[in-house]
Amino acid sequence: MTCILVAHLGSEVVVAADKRETRYMADGALTVDNDNAQKIVRTPAGIVTGCGMVEMLNPVKDHLSTQGFATTDEVLDLIQQTRKTYAKANATNPQLERHLARTSWLFTYSSTTNGQDVTRAVFFHPSLSTETFAVVGEGRVKCFPGGFSHEQAQQVEAQLQAVVSSSLRAGPYAQAKQEIIKYMRHLMSEVAEICVSVSSVCDVAVINGNDVEFS
């Protein structure tokens, strides 16, 4: 599983994702495969990432990274079809509904509002809807839990939101951005202490339209 932290800073979107890959053994036990996975993938429009089952995540990531997309409806259709394909292939798996419920995607793209270029961050999460995307609005944050509870994710989200709001108010922007990135790394290390499927080390991407900078 994966932990993803998102902060929409207005002109830019910051996304952090841990680097651990895990898999379930035949007896149901979770084992760590490696701590060097690249979970944030560049696309012609920005980035795509996600948490959950790699058998569902990777087909969407691979397609968007090479083919891109013209509309968000194309991405929604791709995700829905990928979920259907996975469900058909794993129809007898007693964990199927759990896997479907815990797999989500996030992607970014540039758009124009009132004549100004803006960066959109939208996500698909089955707990909210399987028919539409949700949006991470300007000044807002999101935590995608992988392997820890919804309540714990809400706590992480509230902590990040407080730091983002206070940092952006205090300014200047460049300094605020660095403080936010630093705190996102701190939160990831805290999550790693309570969740075996999350690594303390994470990749961070700063997205401005289709320009992406990794750190």
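**How the terms fit this predicted model**

Biologist: What makes the span of helix 2 agree with its number of residues?

Modeller: Helix 2 covers residues 72–89, which is 18 residues.

Biologist: Which residues of helix 2 are buried, and what covers them?

Modeller: Val 75, Leu 76, Leu 78, Ile 79, Gln 80, Thr 82, Arg 83 and Tyr 86 are the buried ones. Their cover includes helix 1 (54–67), helix 3 (96–101), strand 7 (104–113) and strand 8 (116–124).

Biologist: How do you know that Arg 83 has no salt bridge?

Modeller: A salt bridge needs a side-chain nitrogen of Lys or Arg within 4 Å of a carboxyl oxygen of Asp or Glu. For Arg 83, the nearest side chain of opposite charge is Glu 97, at 6.8 Å.

Biologist: Why is Lys 61 called buried?

Modeller: Buried means under 20% relative accessible area. Lys 61 has 7%, so the word applies. This lysine sits in helix 1, and among the residues it touches are Lys 39, Val 41 and Val 48, leaving out those up to four places away in sequence.

Biologist: Why is the contact between Lys 177 and Glu 12 called a salt bridge?

Modeller: Their closest N and O atoms are 3.1 Å apart, and the cut-off is 4 Å, so the pair qualifies. Lys 177 belongs to helix 5 and Glu 12 to the loop between strand 1 and strand 2, so the bridge ties together parts 165 residues apart in sequence. Both partners are buried.

Biologist: How many salt bridges does the structure hold?

Modeller: There are four. One of the others joins Asp 18 to Lys 39, at 3.3 Å from N to O. Asp 18 is in strand 2 and Lys 39 in the loop between strand 4 (30–34) and strand 5 (41–43), so this pair ties together parts 21 residues apart in sequence. Lys 19 and Asp 203 also meet in a salt bridge, at 2.8 Å. Here the loop between strand 2 and strand 3 (21–24) is tied to strand 11, so the linked parts are 184 residues apart in sequence.

Biologist: What makes strand 10 and strand 12 edge strands?

Modeller: The open sheet has five strands in the order 10-1-2-11-12, with antiparallel pairing. Strand 10 (141–144) and strand 12 (211–214) each pair on one side only. From one strand to the next, the twist averages 15 degrees.

Biologist: How do you know that strand 1 and strand 2 pair?

Modeller: Pairing takes at least two bridges. Strand 1 (residues 4–8) and strand 2 (residues 13–18) share five, in the antiparallel sense, so they pass. Ala 7, for instance, stands opposite Val 14 in strand 2.

Key. Residues are numbered from 1 along each chain as its sequence is written. This is a predicted model: local features need pLDDT of at least 70, side-chain atom pairs count only at pLDDT 80 or more; totals for chains, interfaces and linings use all residues. Side-chain values use heavy atoms; hydrogens and water are left out. Helices (H or I, at least four residues) and strands (E, at least two) are DSSP runs, numbered from the N terminus. Axes are lines fitted to C-alpha atoms, for helices over the stretch in contact, and angles run from 0 to 180 degrees between N-to-C directions. The expected span of a helix is 1.5 Å times one less than its number of residues. Buried means under 20% relative accessible area, exposed over 50%, partly exposed in between (1.4 Å probe, protein chains only). Contact means heavy atoms within 4.5 Å. Lys and Arg count as positive and Asp and Glu as negative; His and the chain ends are not counted.
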